[in-house]
Amino acid sequence: MPPVLRDIHEVLRSTWGYEAFRTKQEEVVRGVLEGRDTLALLPTGGGKSLCFQVPALAMGRLCLVVSPLIALMKDQVERLRSLGIAARAITSGMSYAEIDNALESAAVGKLAFLYVSPERLGTDLFLGRLARLPLGLIAVDEAHCISQWGYDFRPAFLKIREVRERTTGVPLIALTASATKVVADDIMDKLAFTGRNLVRGDFNRPELTMWISQGEDKTGRLLRIMDKVAGSAIVYVRERRGTVRTAQFLAHHGVNAAAYHAGLPTAER
């Protein structure tokens, strides 16, 4: 177990300005700091990122974050940098020199967080630096993607096991907001957990209402819902163009609406 250099509450307070953890966050953080592989099953908006960011900063060692979503990686890196924390993300749009520079910065201890896609783990450039990375923690975001029983299986996630075999003794935290018992067990198996440690948050959100409707005249029914249900609403669609069309339709009918998708500029998001 790596030495804990800082108190987790001091890290939380001085970095993010929070006086206390949310439900289950502290249990997850303490499990990680005790060196236990941990699967954190927490709802969206439940503060999953703090579950690996706090212990990594408390350790004072590099945290390797494996994430399938470039937009999410960029958002988290920008957020960490705004807090004065050294973080980099390696993405497909970077040149060889930029990737090499990011990996070397991580290897010599200049970074607190290095974000990579699962596909990056199998490259010669990454594997050549792996032994030199001063890892204290491996974090796997959207961990359901490693399960063949999950809804978004991504084979490249299986490369994480190879990384674990080369970094013996480094604890791993896997995080997801969606996993049945079968999927959770599969995640822990595929990631070679040294012991079963599942922390499940409370998914009861009484302030939220979900309306699922089938049939014709979807836009008409959407307008009627907007008219009758108070508060803000999120409309999920399958593609970026759909978000724009839906937002334009709602705005045309007097509903204050905007489209949000991964292709928007960072400032606009």
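Helices H1 and H3 are roughly perpendicular to each other, a term that covers angles of 65 to 115 degrees, whereas angles under 35 degrees count as roughly parallel, those over 145 as roughly antiparallel and the rest as oblique. The axes of H1 (residues 8-16) and H3 (residues 48-59) come within 9 Å and cross at roughly 110 degrees, where axes are lines fitted to C-alpha atoms, for helices over the stretch in contact, and angles run from 0 to 180 degrees between N-to-C directions. Helices (H or I, at least four residues) and strands (E, at least two) are DSSP runs, numbered from the N terminus.

The structure is a predicted model, in which local features need pLDDT of at least 70 and side-chain atom pairs count only at pLDDT 80 or more, while totals for chains, interfaces and linings use all residues. Residues are numbered from 1 along each chain as its sequence is written, and side-chain values use heavy atoms, with hydrogens and water left out.

From H1, the residues Ile8, Val11, Leu12, Thr15 and Trp16 meet Leu50, Gln53, Val54, Leu57 and Ala58 of H3, contact being defined as heavy atoms within 4.5 Å. The residues of this contact of H1 with H3 comprise eight nonpolar, two polar and no charged; here Ala, Val, Leu, Ile, Met, Phe, Trp, Tyr, Cys and Pro count as nonpolar, Asp, Glu, Lys and Arg as charged, and the others, Gly among them, as polar.

Helix H3 also packs against H2, at an angle of about 45 degrees and with the two axes 9 Å apart, and H2 and H3 are therefore oblique to each other. Within H2 (residues 25-33), Glu26 and Arg30 lie four residues apart, about one turn of the helix, and their side chains meet in a salt bridge with an N to O distance of 2.9 Å. The structure holds 17 salt bridges, each being a side-chain nitrogen of Lys or Arg within 4 Å of a carboxyl oxygen of Asp or Glu.

Seven strands form an open sheet with parallel pairing, in the order E3-E4-E2-E5-E6-E1-E7, where two strands pair if DSSP finds at least two bridges between them. Strands E3 (87-89) and E7 (198-200) stand at the edges, each with a single partner strand, so one side of each is left without a neighbour in the sheet. From one strand to the next, the twist averages 15 degrees. Strands E2 (residues 62-66) and E5 (residues 135-140) run parallel and are joined by five bridges, and Leu64 stands opposite Ile138 in E5.

Two loops contain residues with positive phi that are not glycine. Glu142, with phi near 50 degrees, lies in the loop between E5 and helix H7 (159-166), and Asp217, with a phi of about 55 degrees, is found in the loop between E7 and H9.

The axes of H9 (residues 218-228) and H10 (residues 240-252) come within 11 Å and cross at roughly 55 degrees, which makes H9 oblique to H10.
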